Amino acid sequence: MKFKYIGFFIALMCTAVSFGQIKVTGTVKDKGAVPIPGVNLIVKGTATTASTDFDGNFVVNVPNQDAQIEFSFVGFANKTITVGGQTTLNVVLEESSQTLDEIVVVGYAAVKKSDVTSSISSVKGKELQTMTVGNVTESLQGKVSGVQVTGVGGPGAQPRVLIRGISTVNLSTDPLYVVDGIPMGTSINFLSNNEIESMEVLKDASASAIYGSRASNGVILITTKKGKSGKTRFNFDTSSGMQIMNNPYRMADAETYATIMNTANNNSGYADYLPNPSQYRGKTTDWWKAGIRGGAPVVNASLGVTGGSDKHTFAISLNYYDAESIYEVGGWERITMRIANDFKFSDKFSAGITLNPRYEAYGGPGNWADFDKIDPITPIYKPADQLNGTENEYSIYARSPSYVWNPVAAVKRYDDYTDQYNLNTNGYLQYEPIKGLVIRSQASIEVGDKVRNRFRPDFVIDAAHEKEEINIVEKWNTTNVDWTWQNTITYARKFGEKHNASLMVGNTMEEYNGNDLWGYGEGVPNNTDSMRELKAATKNRNSSGNSWSSSLMSYISRFSYNYDGKYYFTGTFRRDGSSKFMTNNKWANFPSASVSWRILNEDFMESTKDVLSDLRFRAGWGKVGNQGLPTAVYQSNIGQGFYPIGDVIGDTSFPSSMANKDIKWETVEDISFGLDFGLWKNRVSGSLEYYQKKTHDMLFLKQFPTYSGFPNYSTIWTNVGSMQSSGIDLLVSYKDKKGDFSYGVDVTFTTVNVEMLSLSSADEKLYGAGNRTLTVKGEEPGYFYGYVADGLFQNQTELNSHTDEHGTKLQPYAQVGDVRFKDVNGDGKLDDKDRTKIGTPWADYNIGLNFNFGYKNFDLVANFYSSIGNDIVNQNISDLYNGASLTNKVSDLQQLAWHGEGTSNSIPRLSKDDNNENFTKFSSLYVEDGSFVRMKNLQVGYSFYNKFGLDKLRISLSGQNLWTWTNYSGVDPEVGAGDPDKGDRVKGSGFGGWNYPVQPTILMGLNVAF
Amino acid sequence: MKKNIFVFFLALFAILFTGCQSNDADFAPSDDPTVVVSTKEIYGAPSRKFEIKAALADDLGLKSVAIQIPELSLDKLITFPTNTLLTKYDLSYFFEVPANRGTSEAFKIKLVITDVSGNVVNEEINLRLDGEFAAPSITMVSPKEGAVILLSTSNKLPVNFVVNDDSGIDFVQIQCAALGIDETIQLTGSPQSYTFNKTYTLPVTAADYVLTITAKDKFAIPNTGSLNVNIVATNEYPAIFLCDQPKGTNLTTDAVGVPMYFHEKNGQDFEFKYYADKDNKEVYFLGQEADFGPHCFGLNGTGELVDDVASAPIILPTKGYYKIKVNPNTLKYTAEKYTPSSKVWADVANGLWHDDAALRKPFVSVCGGGIKDANWDTWNAWVMTGLHLANNSANPYQLVGEYTLTGTMEATFTGQWWDPSWRLIKNGICTMSPGENGNAKYPAAPGVYKVVLDTELERVFITKK
């Protein structure tokens, strides 16, 4: 009986408790209004928990109105809400980049951020999508410390990406891009930023060594968007706007041009070049306006759908990008589709397949400089009295005496376009026979076909100088088939309470095959579009073709261990075998090891946890390689050419390159130390890292010594020399929220110091960029090497005193107003021994500043990027200031150039002859401070949630590259690498000229989710 | 307290001051530097360099010497290294007087010598611009350079020359070791002009001689001029030249080709190929290249060939190519017109490059030295269209043009990749490739020249415009 009362009492209490509870329902979404399944709910102070379903919905009972519910999910900041009088809650979780439980992709695996022991930076796709760019790496600029991105203008242009400086002189400096686990080479032009879920930058060798022989320039892992279980969601993103092309120079009008030319002639003792300049008043040809569009439209659009169940998820996106060129023809158009399906057949067996068809079409003239350089007196078209009525449509243009081909005519003739078709299929099978053991096999096939068509119509603008007597049609077809297959077994287990370990072993196989075919013909009957086919050619038909193949086979492994979440160790090992090398060096090993100490988890740090949110020390070591040299360098080749033997010109063959059977990879050995920290609940967070990379066995294409008997242009690839890069990466983030106002700022700071440690001999000098750069031991590679322009001779006394100790003039042809070149070695002669270091293309440091603000439904993003301490060779100085050429000049040159004592100390007098070689001697006259600060992006947006029948509607207005602060007087301070075909990729860095500028762009954006 | 502050600041400033002193204070005191100039008066002239010479010395070390002539915009500072001290320095500094200064002007050259201890010494030198630096001019009347003395005619060598000098002539000297001539004529009264006229007798055996004439003037710093004249004494002519210029023409103003060297020689039978560019062309044969005398072969009153400077020209009746044979000993000649059969290099102007040889438009340009815009790069020869030769519309075998010569000239006339090419060797012969090797150098006064390349004759004529 007694028990009955007790039972009754318990039942009564339970009922009472039940009666006192409040049922709260609601939905949890992210900022993009996408429901988040699996969010954990805890009613604070109770044992009550719950989680959201596939559609982000939840139901939870709370004891009273004062109850607080805490929502938490990996990758998002925790949020606590007091129930109050509400019974329905619509919760928006904000993503947190600082969450230690966040998953980071590390190469053949994904681990918690807290378990990462090496230098990896992660960028969310959403951060990249704030900009509308053709190549997504451009929007990476300034967002990751240790990564230097140099923008390049023009549709389809690829920015230069350097991760922790350079580690090679002759090979590619581009990082390896790995998309969804598949190495995709050194360009991701094919990828839309709307397809990207996240990007991980593997900066040090302990992180990238798992990619072995291709990882010396760092690795960028890209994870594309995948489906999420739950209700089918649609997302439509679009932005469109105008890329603005302003003339970087104010060029002279016809009268001013005539005056400048006359002055140059008169200063050299000649008569006027264009007598009576006033006759040209009002007769200026505005070439720029005639051929360059002030604004070129750009459109980026993406339609995506995601959804699925717990057995199957899918993500489909259709992406379109179109950037028109600044000319009336040309541009870059890209259509891509990504269809990702993931299947979970059982708890043990899962699979997935992604299809990625792509189409790109591009091409366009590159002669925008000619619109500035051509003289302003020549008309666009020939005068009527010079036409006889028999000219074809390309022959009615006027010829300029400035030796610049009529740019309007050149654009009119332009017909050189490429269509590219690709299909990538990437699938995997995954089997987990027991808990913690994952067997995974992934394969990918990439099939591509690129067709380039070029037609050069016949025309006669000037019978002697500007003509194509016969039209020419050409076609290139390049096909590639690449495949990758990788198999891994991973076992992860917790031993006891505090030991956590995982081991991954696997192997990969890759093969890259390609072939091309070229056809050529002349004499197509006419220039109409329909006749621009090889079959229509009537003369000199020609063809050629080639094929190539390379392959890589690798064994990979990773062992990770941590003790009690305090002490971490990761070791990786990769063994690569490459078809590019012969038996002696076909295989190479790339080991790495890294440790991490989470200091904050130590007992003695307990008292600091009010302030410190994270404190971790990392150290890593590793070896990576660079095999980016041409295929088949182990073969000897025979070249063909004309060779004078006595008085006879012979058509000869000669050994052009010789095999080096001992050729092997460039090896980069890297050590890195880092400190990660978080303060005040990660309101302030960041990391500070120091690294040092040493490259051994550098690959150089060397000429044979003359005593070898080989012609002096015979070459051989060989492993000689070493170099070192070192520097500091710093990232500091601050974020906070005050009521409806949230704000955050990220600062990235990167320094790079590069030094050549050795070359093939101690005193070897490697020249680049037409002997304008030098690479020697103990110095940074490719520094600017030339004469020191020590101002201008302001008066006769200065000129007379520029002699050796016996009165011999150092510059016998100089006149007052000419450049004074410095006798650097003081030997009383001005010769090539007086050339010295006059600048460096390498920045002292780069800084990125990224601001974001939110107020209620408004958001604002501002990104700044700067490069400080680098120099640029402004090659346009000769075109714009040199009176010796007949090209147009800047309009105020008459005043800018020296025309009397004290009038200028940098721009020499106008001269037709330039006997002093003011402009032909490469000197510091051309070298300018290349530092700049650029506002990369400014975007303001407003979001509507659950309005108009949509989950989200966001409109935005943004401006890219709107402001640039720089002392550089050239076209654009973002100047990249030199010509790789001349071996100048590194040795020719920093040469600015008529490079296509990174254009300011104004865009309107619309994002709809439903 | 105030005292302590005072001492502190005193010490601070003392340290700062010591730290900021220049390196001069690092050197011990020493004696003044010394300077010994080679002359206190220097003669100069407009557009002419003069030399400042002085011996500088210092017991501890020299730091610098400044050379100043403010009126002539000269302010040169020569500094010496101070890590290894220099106690002696021989100053030798040349400076050119501006062309616009007057010969009556005079200036002070100031030398400022400073030693490492900071001692400064000044020295002044007078500079006068009324200096006379021209060597006496020697004008040969006879024999001319390259003169041929035909021993079978006469073994006398008349020597006749005139010497002129503004500051007066001190002496004249005639020397020829092979002939035993060594005469010095010491002149009295410093005449500004002197004429020498004397005939020497040569041995009857053939030989080459060099006659050296030297003259010295009477200026404070004497100037000496000399002239070598090469003479060939021979029993037969080594060469005969065809001259189509009227008598009295200066035959040394051309760069090459006038008069024209013979084509073939067999004993004293000389054969020329020649193009008469008009009807009734007048020509002579010369025994020497530089002058019409002493051996000029023309026609006498009866139409016979004679060796006489006063002879009348030989007339080639009609325009065209001739083969002309002449023997200076037998005084016989023949002139026959002929039709050339060599390749015609027509349509050579405005060539265009093409990688495919079959599509190249031929052109003929020039590679060489001493020609404005030319070098030895055939690409340059192509792109410098001003060097391209054009067809002579009147003669398909001639390519004509106009070049600016800048000094001693050498040339190979060339098409694309030396195909075809004509190399200018000695005696104005322009041999077509493969031909003979060795480009010859021809001295030429700077200026604009008319160029005629005759592919039939394989000769080039470059004459002052």
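Two residues are in contact if their C-beta atoms, placed from the backbone, lie within 7 Å. The structure is a predicted model, in which local features need pLDDT of at least 70, side-chain atom pairs count only at pLDDT 80 or more, and totals for chains, interfaces and linings use all residues. Residues are numbered from 1 along each chain as its sequence is written, and chains are lettered from A and ligands numbered from 1 in the order in which they are written.

Begin by selecting chains A and B together. Here 15 residues of chain B are in contact with eleven residues of chain A. On the chain B side, strand S4 (74-79) and strand S5 (86-96) are the elements that give two or more residues; strands (E, at least two residues) are DSSP runs, numbered from the N terminus.

Next, select the sheet of chain A. Four strands in the order S3-S2-S5-S6 make an open sheet with antiparallel pairing, where two strands pair if DSSP finds at least two bridges between them. Strand S3 (49-51) and strand S6 (79-82) of chain A are at the edges; each has a single partner strand, so one side of each lacks a neighbour in the sheet.

Within this sheet, strand S2 (residues 40-43) and strand S5 (residues 68-72) of chain A run antiparallel and are joined by four bridges. Select A:Asn40 to find A:Ser72 of S5(A) opposite.

Finally, move to B:Asn427, in the loop between strand S29 (419-424) and strand S30 (430-432) of chain B. The C-alpha atom of B:Asn427 is 9.4 Å from that of B:Tyr442, 15 residues apart along the chain.
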